[in-house]
Amino acid sequence: MSGPNLVDQLKQRFGEAITGANLEAIDPWIEVSPQGLVEVCRHLHDEPGLEFNLLNCISGVDYFQPDEKKAKKFPWDVHLEVVYHMWSLPHKRSLVLKVMLPRWKDDKEGELPEVPTVSGIWRTADWHEREVYDLMGVRFIGHPDPRRILCPEDWVGHPLRRDYEMPLEYHGIRGR
Amino acid sequence: MAEFFTTNLIEYVSLSEAWATPLGYILAAMIHIALLLNVVAVGALGFIWLERKVAGRIQDRLGPTRVGGRFGWLQTLADGLKLITKEDLMPAAADPFLFRVAPYVAFCASFAAYLALPFATGWVGQHLNVAVFFILAVLGIEVFGVILAGYGSASKWSLFGAMREAAQVVSYEVPLGLCVIVPVMIAGTMDLIAIGDMQAGMVWNWFIFHDPFTFITFWVFFTCATASVNRAPFDLAEAESELVAGFHTEYSGLRWSFFFMAEYGSMFLVSVLAAILFFGGWNGPIPITEIIGLNETNGALAGYVGNLLGMTNLIIKASLGVTVMIWVRWSFPRLRIDQVITTCLKYCTPIAAMMFLGAALWILYLPGGLWATLRLSDPLGHTREAAPDQQAAAMPADGERE
Amino acid sequence: MSTDVDDPRIVEFDVRTDEMLVNMGPQHPSTHGVLRLVLRTDGEIVSEVTPHIGYLHRCAEKIGENLTPRQWIPYTDRMDYLAGMNMNLGWSLTVEKLLNYELPEKARHLRVIIAELNRIASHFVGMGAYGLDLGTFSPFLYAFREREKILDLFEDACGARLTYSYITPGGATDDLPAGWLKKCETFLDQLLAVIDECHTLLTTNEIFIRRTVNVGVLSPEMAINYGCTGPVLRGSGVDHDLRRDGEERYTEMYDGYAFEVICETDGHYPSDHDYPPVPESAVLGDCWHRFYVRMLEVIQAMDLIRQAMDRYSTAEGDYGVPIKLFEKLPKGEVYLETECPRGQMGFYLVSDGTSIPWRTRARSSCFSNLSVTEELCRGVLLADVPAVVGSLDIVMGEIDR
């Protein structure tokens, strides 16, 4: 678990790249800015004493309630998150990093938000980032193979976005 | 048999001899072909049934039980009917001629080899004094069917299968040939009937017990034969888990079944060949038929019954060989292509060559085999010291004894 | 058929051979479902493998955003359909972690019995299917015969043979029926002989050894970097098993159980059974080791079941009460990984305070395990591709979800 020590350490070292933390949550997490993500990750991966060498999972979460009635009671700000779950094999502990993103880059509908890739640090990220791109619509800058992974190459849209609508028709197959 | 027909045609149909002789030959040939075709077809049916039954037992199953009574005798026939009714598919990009002709080439090669294969003294489609040579040569043609099928199918998997088959069969021809030469050398003839008859008498007259070299040669021969008929663990050409179905990926229905028949035909063929070359052919371990006088000297009927028993004997031996192949198939994983070629070039060929040399020296210094050398008595006084050319001369030259 | 390739590796001979692109799958006997591998081959040598997945994508994560946690249980069954119980368990523990639910002791031991039994079933299928990949058919049926007995046991417990939905958040849907432990004991008693049989047919078979030893060698560093878990990671000699090293919420299930992590250390596997020896030519991290780790885990699982049955029969309390179908979830997010037969299966749950999760995410073990094929299948022979993919023991249902 990421204790307050680690957050302070990271803040000291990376300053503004660490934009926040929640240590009261069930799985405490640290928020990192997209610009500082790669540096922070490399530090977490290489630094003796930390060595988070196993990247478990990268998940995208879309915090957006398309239903206007429900949106009033929606507990979060509208944004998109990329969550990194990692594990340190030598020290047997886990860490959660989060990157907060706007739903669309510069709030222009259709422009995907951008995060630098961490596939240079963990190869696991290669396929996981492709999946997040495919289903959640996050562009990973510098990814070696930025293709869709689960959906077909010519699929339109990113199905796990909350405002996604199934296409009416795909190559003659009825969608809805 | 041709003479029988000719004389009868002249006598009863009053044909002129110029007409009767070719007609007689054609009639005789038709009968031979019909008989042999039945051997191949029924043999394949039987062995496919056997394979399923044995495989079932090995895997703790029952195998076929329903069609044709308790043991599912007719399962293969039912499968054959199903195959006939299946749609005959051909890929659009395939070479129509090669695609169509390939199964026939494979089947004909396997079938043609039966022509020179004796089932008992004198019971042979066509008696050839180079029968061993002929069978090996014709069996080698089967590979063309496979290559044509792979090449003509316009499928990459088929092409892989064809290339593997080509590499494998061409490599294994060498040790196979070397192994076959050993008994041929001992017998001094390539005539399979002569080779078979030479092993008459007690069990130690069989060539496999002739000397230690022949004993090892047999195992090398069997390995190479398994490889050259594409049976597991050497079934690379159709390697199911790698090449989908290899060369016959694109085949369906009857065309596919021709490949299947060819495979089982060849399997039986090499087993019969092994039985004749190493296991005394139609001679039992104890020469009971000779002891009770079931041979041609006591009349045609006695000779017929004796030959029938001999044929049964041979078929049992060959079936055992087939069973061993089935057993191996359902027990072992498949080798990789480099390992198959390694087995051939690094193990089988050198061992076969050594055995060839050893057997040659043995014959030179200790003629008559191990048991004769150890002065074991033979109850019937069979000796193998008789010069091979005398033996061969004792046989009718043109094989018209039927 | 042939393609022109500008690759410096190829032009090392005077005669340049054409390369061929071959599509292995999505329909192929040895791709374990609908996996498509595009092979670039030069004769028998495979120079490049590109896996394409997604043919079995069933939108499980999207469905999870519209169902309550208990309603989503049947969907977890269908992820790794060979180890449905372990999938149920992973999701149940995740939900319990969010609810901070304290599980009765008896339910814990019941879960160990069920999960480990399913591990045996899953590894048996993996073993049999691996035999098929290498061209031997018989071990497959032996394996299925034993699996069938486990399925019978599961049928007695929950009524289903493949998609169980047995373990739910809060415990299990039902207690084990009377006499079940006895049947399970009988099954375990005869299993060791079957395993020895399988060792004869596969593990120690000369052809099998030649086909798997030194093929697809995965170094420990590479395995960790690619996020490989489970037997694939342990086959490379990394001593990591979530049942021992995982989060407390998961490891407390195995509190007090005696077991050793199956992993080679100093050239030895932990041995309390007469295991076949490791062949001298074997290299740590090759296909043989991955296969062997699975075989040893079967015996380990047998041992764990025996211990769990003892505890279960003496334990106090109930088998657990499933949470309400529309139980209100607290706002928050949790992530939990469990040790499934194929590796670490993780579930990520974000809740907005209603009974339906805001986001469900499944981290699949095979997903990461499969991504390593590209690396392992470079420059191998065509026949090695099924051998490598088979040794990763993938289930496409889990990869595509």
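**Entry 1. Terms and model**

I began with the angle between helices: axes are lines fitted to C-alpha atoms, for helices over the stretch in contact, and angles run from 0 to 180 degrees between N-to-C directions. I noted that this is a predicted model, in which local features need pLDDT of at least 70 and side-chain atom pairs count only at pLDDT 80 or more, while totals for chains, interfaces and linings use all residues. Residues are numbered from 1 along each chain as its sequence is written, and chains are lettered from A and ligands numbered from 1 in the order in which they are written.

**Entry 2. Helices α2 and α3 of chain B**

I looked up helix α2 (residues 17-58) and helix α3 (residues 75-85) of chain B, whose axes come within 8 Å and cross at roughly 110°. That angle makes α2(B) roughly perpendicular to α3(B); angles of 65 to 115 degrees count as such, those under 35 as roughly parallel, those over 145 as roughly antiparallel and the rest as oblique. I recorded the crossing of α2(B) and α3(B) as right-handed. A crossing is right-handed if the near helix is turned clockwise from the far one by less than a right angle, and left-handed if anticlockwise.

I then listed the residues that meet: L45(B), I48(B), W49(B) and R52(B) come from α2(B), and Q75(B), T76(B) and L77(B) come from α3(B). Two residues are in contact if their C-beta atoms, placed from the backbone, lie within 7 Å. By class, this contact of α2(B) with α3(B) holds 4 nonpolar, 2 polar and 1 charged residues. Ala, Val, Leu, Ile, Met, Phe, Trp, Tyr, Cys and Pro count as nonpolar, Asp, Glu, Lys and Arg as charged, and the others, Gly among them, as polar.

**Entry 3. Chain B as a whole**

I counted 15 helices and 0 strands in chain B; helices (H or I, at least four residues) and strands (E, at least two) are DSSP runs, numbered from the N terminus. The radius of gyration of chain B is 22 Å, close to the 21 Å that the globule rule gives for 402 residues, so chain B is as compact as a globular protein of that length. This radius is taken over C-alpha atoms, and the globule rule is 2.2 Å times the number of residues to the power 0.38. The C-alpha trace of chain B spans about 65 × 60 × 45 Å along its principal axes.

I found that 48% of the 402 residues in chain B are buried. A residue is buried if 20 or more other C-beta atoms lie within 10 Å of its own, exposed if 12 or fewer, and partly exposed in between.

I also checked K156(B), which lies in helix α6 of chain B. K156(B) is buried, with 20 other C-beta atoms within 10 Å. Its C-alpha atom is separated by 8.9 Å from that of L243(B), 87 residues apart along the chain.

**Entry 4. Where chain B touches chain C**

I noted that 23 residues of chain B are in contact with 26 residues of chain C. On the chain B side, α6 (156-187), α9 (240-243) and α13 (337-365) each supply at least two residues. This side of chain B has 11 nonpolar, 4 polar and 8 charged residues.

**Entry 5. Chain C**

I counted 16 helices and 10 strands in chain C. With a radius of gyration of 22 Å, close to the 21 Å of the globule rule for 401 residues, chain C is as compact as a globular protein of that length. Its C-alpha trace spans about 75 × 50 × 35 Å along the principal axes, and 55% of the 401 residues in chain C are buried.

I examined one helix pair here: the axes of α12 (residues 287-314) and α15 (residues 384-392) of chain C come within 9 Å and cross at roughly 30°. These two helices, α12(C) and α15(C), are therefore roughly parallel to each other, and their crossing is left-handed. C287(C), R290(C) and F291(C) in α12(C) meet A387(C), V388(C) and S391(C) in α15(C).

I counted 4 helices and 9 strands in chain A. The C-alpha trace of chain A spans about 55 × 40 × 30 Å along its principal axes, and 37% of its 176 residues are buried.

The contact between chains A and C takes 25 residues from chain A and 33 from chain C. I saw that β3(A) gives the most to the chain A side, with 6 residues. That side of chain A has 16 nonpolar, 5 polar and 4 charged residues.
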